[in-house]
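Biologist: I would like to learn how to read the packing of a protein chain from its atoms alone, one feature at a time. Could we go through an example together?

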Amino acid sequence: MNFTDSITKMKMTDELALLIECLQAGLNGNQVTAESAKSVSFNWDQFINLATKHCVINQVTNEIQHITSMAIPPFALTKLRQLTLANAMRMLHLTGELSNLQQKAMKINLPILFLKGPLLGIKLYGDPGLR
């Protein structure tokens with residue numbers, strides 16, 4: 001049994017199911033169908049909290065914007081975009097700090113290697129916010 005089979009046999013909330021679908025779509029290049037979000041009891045605030053907790057706001061926002069099979073409530077899309085923008089601003093700040101640190105290290109001929117942060121996101125995913 002593989003990981004996907006294990007997940008499908010688990011009882012999970014509709015919000016978690018949509019979160020996983022968004023992440024899988026990003027990896028596989030598929031379109032999100034968002035069948036789980038059509039449930040009457042779907043809680044967009046809980047979905048956003050899950051995405052925030054698991055640090056996947058950027059990935060989820062990117063995938064959820066392409067959903068054409070359903071209407072995403074405007075408040076949810078606005079909140080996702082606000083969180084994505086806040087993350088981008090935080091990454092810009094961190095990148096600036098890394099640049100300052102690198103310049104100071106170069107002035108004293110101190111070799112430096114960045115292993116985490118926005119540079120890792122750029123190297124692995126092409127986006128400083130995806131780390």
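Modeller: Let us begin with a term: two residues are in contact when heavy atoms of theirs lie within 4.5 Å. Please keep in mind throughout that this is a predicted model.

Biologist: With that term in hand, which residues is Leu19 in contact with, leaving aside its neighbours within four places in sequence?

Modeller: Leu19, which lies in helix H2, is in contact with Phe47, Leu50, Ala51, His54, Val56 and Val60 once those neighbours are set aside. A separate reading is the spacing of C-alpha atoms, and for Leu19 and Glu63, which are 44 residues apart along the chain, that separation is 9.8 Å.

Biologist: Is Leu19 buried or exposed, and why?

Modeller: Leu19 counts as buried because its relative accessibility is 3%, the cut-off for that label being under 20%.

Biologist: How does Glu15, as a residue of another kind, read on the points of burial and contact?

Modeller: Glu15 also lies in helix H2, and it counts as buried because its relative accessibility is 4%. Not counting residues up to four places away in sequence, Glu15 touches Ser41, Phe42, Asn43, Gln46, Phe47 and Leu50.

Biologist: How should I read the arrangement of aromatic rings, and how many aromatic pairs does the count come to?

Modeller: A pair of aromatic rings is described by the distance of the centres and the angle of the planes. Rings of Phe, Tyr and Trp pair if their centres lie within 6.5 Å, and by this rule the count comes to three aromatic pairs. One of them is formed by Phe42 and Trp44, which are edge-to-face at 4.7 Å centre to centre with 65° between the planes. Another is formed by Phe42 and Phe47, which are tilted, with 6.1 Å from centre to centre and 45° between the planes.

Biologist: How many of the residues of H4 are buried, and what do they pack against?

Modeller: H4 is mostly covered, since six of its eight residues are buried, namely Ile57, Asn58, Val60, Thr61, Glu63 and Ile64. These buried residues pack against H2, H3 and H5. With H5 in particular, H4 packs at an angle of about 135°, the axes being 9 Å apart; H4 and H5 are therefore oblique to each other, and H4 passes H5 in a left-handed crossing. The contact involves Ile57, Asn58, Val60, Thr61 and Ile64 of H4, together with Leu77, Leu80, Arg81, Leu83, Thr84 and Asn87 of H5.

Biologist: Finally, where is Cys55 placed, and what is its phi?

Modeller: Most residues other than glycine have a negative phi. Cys55, in the loop between H3 and H4, has a positive phi of about 55° although it is not a glycine, and it counts as exposed because its relative accessibility is 59%. Asn109 likewise has a positive phi of about 55° without being a glycine; Asn109 sits in the loop between H5 and helix H6 (118-125) and is exposed, with a relative accessible area of 69%.

How values were computed:
Residues numbered from 1 in each chain as written. Predicted model: local features only at pLDDT ≥ 70, side-chain atom pairs only at ≥ 80, totals over all residues. Heavy atoms only, no water. Phe/Tyr/Trp six-rings, centres within 6.5 Å; stacked < 30°, edge-to-face > 60°. Helix = DSSP H or I, 4+ residues; strand = E, 2+ residues; numbered from the N terminus. Buried < 20%, exposed > 50% of the residue type's maximum accessible area, 1.4 Å probe, protein only. Axes fitted to C-alpha atoms, helices over the stretch in contact; angles between N-to-C directions. Parallel < 35°, antiparallel > 145°, perpendicular 65-115°, else oblique. Left-handed = near helix turned anticlockwise from the far one by under 90°.
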